[in-house]
Amino acid sequence: MKEIIEKLRQSFIGDLAKADSSAQVNELRISYLGKKGSVTDLLKQLKDIKGSEKKTVAEGINALKSFVESEIAAKTALIAKREEDAAIEATERYDVTMPSAERLGSLHPVTIIQREVEEIFESMGFTIEDYSEIVTDYQCFESLNIPKHHPARDMQDTYYIENGQLLKTHTSAAQNAIMRKYGAPLRAVFPSRCFRNEATDASHENTFFQMEGIMIDENISISNLIYFMKSMLSEVFRKDINVRLRPGFFPFVEPGFELDISCLICGGDGCPTCKQSGWLELCPCGMIHPNVLTAGGIDTEKYTGFAFGLGLTRLVMMKYGIKDIRMLNSGSLDALSQFTSK
Ligand code: PHE
């Protein structure tokens, strides 16, 4: 029996050396270890062996079986690696660092302006905050002094989720969380996509961008607000921009304003763009209402602050002379790839 085992072992070594593909190795595995394989056959013969010899023979066959198994596994791995290398060699190779021959992507005009405005505010000591587009009723309305059934909600119908949360209608929705996160004093801007249930036309979209800014400290007044807005706008448009405030109502500011800028087209003389008034409406703002500061955990005896809600989409349209807001969400590469920063 010992000789038979040894012979089988030698013939396996010979066969294995000849096997050159994973298919051939697999055939070999079947012919030695399969149900009718020669090693399996030997194991079957064990039952005919009697007495003390049985144990030694069994050990011999099992050793052969393990040997065949491990040799086949090793050869299979070797061939798999070789076959993989050959497949890689055969396919086309890409140099991922090569400049594309296709048209390169470009930044969306809103992204360009958003980054520019962020940089300007950062240089004036503001932190840039990010905040969820899905918010609670409390964040979007209640904490902003807009209780349930307040008429101000009529202007901001939006998309509701079954759990009662909603898509934010304005960036002011993040004020409360940011005040709670940092406390006072605080300077922060927080851009976001906003949503309203709106019939779309050339100047209305259901999806648009705003950038909110708040500054809270001791002795903050409207003059601080005017200073920061004027500096930022003059940077964005690269020329001196005059601003004026008109009264405006928002429940979360008191007093509240609409900030207008001198018309970019005529410089203030009056033209069709500014409807002959010399002014363009750009940014609602005001002094943060004490109820809103209190809801944000800020001591109203010590601190005051301003807030503004810059219409980022509107600013982009003004800066680039875009006439139809729908172009911005159109996904049209021909339209969108025309924009570059500065
Ligand atoms: N959140 C207001 C809106 O979108 C704008 C606003 C922001 C007004 C901050 C005042 C202060 O209508």
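Thr 127 stands opposite Ala 188 in strand β4. The model is predicted; local features require pLDDT of at least 70 and side-chain atom pairs pLDDT 80 or more, while totals for chains, interfaces and linings use all residues. Residues are numbered from 1 along each chain as its sequence is written, and side-chain values use heavy atoms, with hydrogens and water left out.

Strands are DSSP runs (E, at least two residues), numbered from the N terminus, and two strands are taken as paired if DSSP finds at least two bridges between them. Strand β1 (residues 127–128) is joined to β4 by two bridges, and these strands run parallel. Strand β5 (residues 207–217) runs antiparallel to β4, with ten bridges between them. Within this pairing, Glu 212 of β5 is the bridge partner of Phe 190. Strand β4 itself spans residues 186–195 and is mostly covered, eight of its ten residues being buried. Buried denotes under 20% relative accessible area, exposed over 50%, and partly exposed the range in between (1.4 Å probe, protein chains only).

The structure contains zero disulfides, a disulfide being a pair of cysteine sulfur atoms within 2.5 Å. For Cys 274, the closest cysteine sulfur belongs to Cys 266 and lies 3.7 Å away, which is too far for a bond. Cys 283 is likewise in no disulfide, the nearest cysteine sulfur being that of Cys 285 at 5.3 Å. Cys 274 counts as buried because its relative accessibility is 4%. Cys 283 also counts as buried, because its relative accessibility is 0%.

Technical notes:
Helix = DSSP H or I, 4+ residues; strand = E, 2+ residues; numbered from the N terminus.
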